[in-house]
Amino acid sequence: MTHSFYRIIVSTTLFLVSLQGFTQKEPKDSTKVKLGPLFKKEDMLELNLTTNFSSLMKDRKNAKQPYRWAKLEYNRKKKGEIALNIRVKVRGNFRRSPSNCTFPPLLLNIPSKKDKNTIFERQNLLKLVTHCQNEEYIFQEYLVYKMYNLLTDDSFDARLARVTYQDSAGKRETETRFAFLLEDETFLAKRNKAKNMYRKQIPMYIIDSVSMATVAVFEYMIGNSDWSVPYLHNIKLLDKTTYITAVPYDFDHSGIIEAKYARPPQALNLYSVRERIYRGITYSPAVYQQVFDNFRRVKPQIYALYENNPQLEKGYIKRTINYLDEFYKTIDNPKSIKEVFTVENGTKPTIKNGN
């Protein structure tokens, strides 16, 4: 490991620890479901994943992706190294394709009976968001999840990791890359005392107004048009018995990330993903006021995620701060609010398959 890379790891660790005060949620009552320690800390995990990557990469072209046996290792600070026998498979749609990403996203299946007394205790299915084309995108998308965590508990938890991938067949070179683990939707629901809802064609006006408006305004803020409630595209629904809430995910096609492969849906006639468009429905001034106040409340914490972040290029930080400035300028201007967030003749075009 080079001295410069070591300095990056150290500075990154210090930065992540400093964010805990910003991103940790308020403690809940003792009756909540116990979900294990994985997402309770912000420090980066060091993982080693060994499987037949030669075969795994070929699975990307299959209609159905099979599970393959793997070994997941990490080092516990006081109890030493531990190895878990797990199963792994490729997943995703756009990022699974070899023409779009050099390395696919993965799904880790961890046997719940074997993960006791480990960082993965109580976990079962975990999405591993991998580097695709560029490791910078990992940090950028991770921060989008952290932003949404600040706004609501109805959001996916995420944790950074540095993963060493070893091919058990010995046909691929060992490589170490940044990635992040994403909370499973089952645990998202349990944490919020809800049930996952998989019914499609539910219109946005059925969803809790504040929840749906928060999602739509957030997607506008980050410049993401790659989502749809009726088709459950990059959206999860939570049934809380008396009302339904929406949870967004998968943000790599948003303008704030600047992924070179990202393109806006053709039906929206946008020149790039950096061009914002509000794809929600119109809400009452009272709902907008509540939602905008929430965005204003967490503004310092959102900016802190980017300012002086050692994982991000200075140019990207500057562009992102300016991009966020434009958003906050919009929600602080009554005329702009009316122009942007008032939708006539229904919603914007519905994108069935997205990107």
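Asp250 counts as partly exposed, because its relative accessibility is 21%; here buried means under 20% relative accessible area, exposed means over 50%, and partly exposed falls in between, with a 1.4 Å probe and protein chains only. Asp250 sits in the loop between strand 10 and helix 6, where helices (H or I, at least four residues) and strands (E, at least two) are DSSP runs numbered from the N terminus. Although Asp250 is not a glycine, its phi is positive, at about 60°. Most residues other than glycine have a negative phi.

Before going on, a word on the model: it is predicted, local features need pLDDT of at least 70, side-chain atom pairs count only at pLDDT 80 or more, and totals for chains, interfaces and linings use all residues. Residues are numbered from 1 along each chain as its sequence is written, and side-chain values use heavy atoms, with hydrogens and water left out.

**The largest pocket**

Where does the largest pocket lie? It lies between domain 1 (45–186) and domain 2 (193–353), because both give residues to its lining; the domain bounds come from an automatic or database domain assignment. Strand 5 (125–129), helix 3 (135–151) and strand 9 (235–239) each supply at least two lining residues. By type, the lining divides into 14 nonpolar, 7 polar and 10 charged residues. Nonpolar covers Ala, Val, Leu, Ile, Met, Phe, Trp, Tyr, Cys and Pro, charged covers Asp, Glu, Lys and Arg, and the others, Gly among them, are polar.

**The largest nonpolar core**

The largest nonpolar core has 80 residues, of which Met147, Phe218, Ile256, Phe295 and Tyr306 touch the most other members. Helix 3 gives the largest share of this core, 11 residues. Domain 1 and domain 2 each contribute at least three residues to this core. Such a core is a set of buried Ala, Val, Leu, Ile, Met, Phe, Trp, Tyr and Cys residues joined through side-chain atoms within 4.5 Å.

**Loop residues and their contacts**

Glu275 is in the loop between strand 10 (244–248) and helix 6 (285–297). A polar atom of the Glu275 side chain lies 3.0 Å from the backbone nitrogen of Tyr271. A polar contact is a pair of N or O atoms within 3.5 Å; within protein, one must be able to donate a hydrogen and the other to accept it, and residues adjacent in sequence count only if both atoms are side-chain atoms. Thr118, in the loop between strand 4 (106–109) and strand 5, has a side chain that reaches the backbone nitrogen of Phe120 at 3.1 Å.

Asn308 belongs to the loop between helix 7 (299–306) and helix 8 (314–331), and has a positive phi of about 60° although it is not a glycine. Tyr67 is found in the loop between helix 2 (53–58) and strand 2 (68–76), while Ala158 is in strand 6 (residues 158–167).

Here are the accessibilities of these residues:

| Residue | Relative accessibility and class |
|---|---|
| Glu275 | 25%, partly exposed |
| Ala158 | 3%, buried |
| Asn308 | 72%, exposed |
| Thr118 | 5%, buried |
| Tyr67 | 27%, partly exposed |

**Pairs brought together across the sequence**
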